[in-house]
Each structure stands twice: as C-alpha cells, then as structure tokens.
Amino acid sequence: MEPSSEAFAAVERLVGAKSISSDSTDLAAYGTDHSFAKGDAGAVVFPRTPQMVAEILKLCGQLNLPVVPSGGRTGLVGGATATGKSLVLSLDKLKHLGPVDETAATVRVGAGVTTQEVHEHCEPYGLTWPIDLGSKGSSQIGGNISTNAGGIHVIRYGMTRNWVLGLQVATMNGDLLQMNRPLIKNNTSWDLVQLFVGSEGTLGVITDATLRLTPLANNLETLFLAVDDVSHMLGLLEAARRAPFILHAFEFVDAACLDRATAFLRTPSPIKERAAYYVVLEFDVGRS
C-alpha cells in the first residue's frame with residue numbers, strides 16, 4: 001500500500017516547502033543509485049540539521065511512511081533505491097567539516113560531506129582518512145560508514161569500520177544518539193558505534209561521524225602489469241607483500257573489462273602487452 005498524500009503533506013509542514021521536493025527530476029535523481037534498479041520515490045526531503053533528521057524520522061514512524069536514506073548514491077546494488085513511493089531522506093545538506101585535531105589525529109564531519117572533501121580538508125595537516133574510492137568525489141561519509149565501504153586501499157588499511165571512532169545517529173523514534181568518544185584506546189562497555197557501521201540505515205540514519213586519521217603516504221608509486229593467469233596473479237600478490245615497500249592497492253581487471261573501459265573512455269590501453277588479466281599495483285616506498 002502506497003503512502004497517502006496527507007503523509008507527505010505532514011512532512012512538508014514539518015520541514016517547510018523549500019526543504020521537500022516532488023519534482024520529477026529530483027525524484028529520478030534521488031530515488032535511485034548507480035544500479036539498474038528503477039526508483040519509485042514519492043518525495044525527497046532535505047534536512048539541514050541532525051535534529052531535523054530525527055524529527056522527520058519520528059514523524060515518518062508515526063505515519064508509517066517508509067524512508068530511504070540517500071547519500072551520494074554511488075552504490076551498484078540498489079541499496080539506495082526508493083520503492084513504493086517512499087520518502088527519500090537526502091543527507092546532502094549535512095556538510096559540517098570540523099577542525100582537524102592533529103594531536104588525536106581525528107576530525108568530526110557531517111554525513112553529507114564527500115570522501116574527497118574530507119581528504120582535501122585533512123591534507124594540509126599531513127593527514128588523511130584512508131578510505132579511498134573511485135567515486136570519492138560524490139560518495140558521502142554517511143554512505144561510506146553505513147555500507148562499511150572497502151575501497152581501493154583496503155589491502156593496506158582495511159574496511160571503513162577501522163577508521164570510525166564516533167557517530168551521531170537519528171532513530172525512527174526521534175532520538176539523536178551521541179556516540180562520539182574519539183579515543184583509539186577505548187575499552188568502555190559495548191561498542192555501539194560498530195553496531196551501526198555497515199547496518200545500511202536499518203538501525204538509524206548516521207548524521208555525523210568522528211573519523212580516525214592517518215599520516216599521508218610519503219611516496220606512492222603505481223604499476224600497471226599484464227598477467228597471464230590467476231596463479232601468476234596470486235604469485236605477484238605474494239611477492240608484493242614480501243617486497244621492501246608497503247603495499248597500498250592491488251586491483252585487477254580481465255581483458256574484456258579493459259577493452260570495454262578503453263572503448264568507453266576513447267583512450268588507448270595503458271599497456272601494449274595483451275594478456276588475460278591486468279593488475280594495478282600501488283605501493284609506498286617512503287615509509288617503513
């Protein structure tokens with residue numbers, strides 16, 4: 001059963017006409033992600049504060065109005081696709097970028113800040129949030145955390161959950177949970193932060209996060225290699241792990257993928273050698 005027009009009208013009264021849209025362009029843009037799933041949103045709401053997120057969720061709970069949290073919508077599996085005329089809750093306006101704490105190596109940011117914006121914010125301090133994605137220019141921190149994103153450098157730094165120290169989360173009953181204890185050495189009680197990391201909006205909507213930072217890599221080098229088969233690829237990975245440098249990335253594509261990518265981008269292949277597989281290997285020779 002689809003939501004009634006009265007439900008959306010109640011949300012509009014709460015947030016104001018300028019913070020909600022039923023324009024067809026917005027419904028198409030915010031109602032789906034980069035998957036092939038077709039979106040079916042009833043409206044898109046753009047809260048400007050975490051408190052407003054909590055109030056919207058509380059009202060939607062009372063009205064039995066389904067809600068789909070929306071970040072950068074860069075996923076490929078339909079997780080941010082609206083169905084059944086549900087309300088899309090965009091986090092685009094939660095763009096707070098807090099000061100970088102150089103001593104603790106942390107920063108607190110809003111869920112709507114993009115991954116790249118965090119990188120650029122921290123870079124002048126010689127620090128970075130090491131989660132790196134091909135979609136970093138549009139993927140948002142809230143989405144990175146709620147999906148426990150891995151990214152390009154997962155082989156070096158692990159998953160997103162390793163780099164989240166605190167969260168602020170809005171729940172469907174209108175609570176705004178404060179779980180910000182930016183300490184690396186913290187063994188107090190249950191780790192509720194990690195319960196929300198990777199929960200994909202099923203337990204609440206992330207509005208704010210305290211991120212753990214790490215020093216920028218000194219000297220990254222990249223190799224693009226042609227590999228005959230999987231056994232040689234695994235041998236290359238084993239050798240790279242034992243080499244006198246720090247391995248940051250090890251990604252591969254097969255020949256068909258490379259051909260499609262170069263055709264789509266209308267660019268020559270980065271390597272003349274033809275092979276079954278190709279490996280992108282990134283490493284840092286400047287830090288022990």
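Here are some notes on this predicted model, point by point.

1. Some ground rules to begin with. This is a predicted model, in which local features need pLDDT of at least 70 and side-chain atom pairs count only at pLDDT 80 or more, while totals for chains, interfaces and linings use all residues. Residues are numbered from 1 along each chain as its sequence is written, and side-chain values use heavy atoms, with hydrogens and water left out.

2. Now the overall picture. The protein has nine helices and 13 strands; helices (H or I, at least four residues) and strands (E, at least two) are DSSP runs, numbered from the N terminus. Its C-alpha atoms fill a box of roughly 60 × 45 × 30 Å along the principal axes. Of the 288 residues, 44% count as buried, where buried means under 20% relative accessible area, exposed means over 50%, and partly exposed is in between (1.4 Å probe, protein chains only).

3. A word on surface and contacts. The accessible surface comes to about 15400 Å², and 54% of that belongs to carbon and sulfur atoms. Accessible areas come from the Shrake-Rupley method with a 1.4 Å probe, and for residues only the protein chains shown count as cover. Contact means heavy atoms within 4.5 Å. Among contacts between residues at least 6 apart in sequence, 69% join residues at least 24 apart.

4. Next, a sheet to look at. Four strands form an open sheet with mixed pairing, in the order β1-β2-β4-β3. Two strands pair if DSSP finds at least two bridges between them. β1 (20-21) and β3 (67-70) are at the edges with a single partner strand each, so one side of each has no neighbour in the sheet.

5. Going through the pairs: β1 and β2 run antiparallel and are joined by two bridges, with Val45 in β2 as the bridge partner of Ile20. β2 and β4 are parallel over four bridges, and Ala41 is opposite Ser86 in β4. β3 also pairs with β4 (residues 86-90) in the parallel sense, over four bridges; here Pro69 faces Leu89 in β4.

6. What about the surroundings of this sheet? Five of the five residues of β2 are buried, so that strand is largely enclosed by the rest of the structure. Helix α3 (residues 50-63) lies across β2 (41-45), β3 and β4, at about 170° to β4. Axes are lines fitted to C-alpha atoms, for helices over the stretch in contact, and angles run from 0 to 180 degrees between N-to-C directions.

7. Thr106, in strand β5 (residues 106-110), has 6% relative accessibility and counts as buried. Leaving aside neighbours within four places in sequence, Thr106 is in contact with residues including Pro99, Leu165, Pro182 and Thr210. Ser146, in helix α5 (residues 141-146), is buried at 15% relative accessible area. Not counting residues up to four places away in sequence, Ser146 touches Gly198, Ser199, Glu200, Gly201 and Ile206.

8. Last, a patch on the outside. Trp190, Leu192, Leu195 and Leu203 make up a nonpolar surface patch with about 480 Å² of accessible area together. Patches are made of residues with over 30% relative accessible area and no salt bridge, with like charges joined within 9 Å and nonpolar side chains (Val, Leu, Ile, Met, Phe, Trp, Tyr) within 5 Å. A salt bridge is a side-chain nitrogen of Lys or Arg within 4 Å of a carboxyl oxygen of Asp or Glu. Leu203 is in the loop between α7 (192-196) and β9 (205-212), and is partly exposed at 43% relative accessible area.
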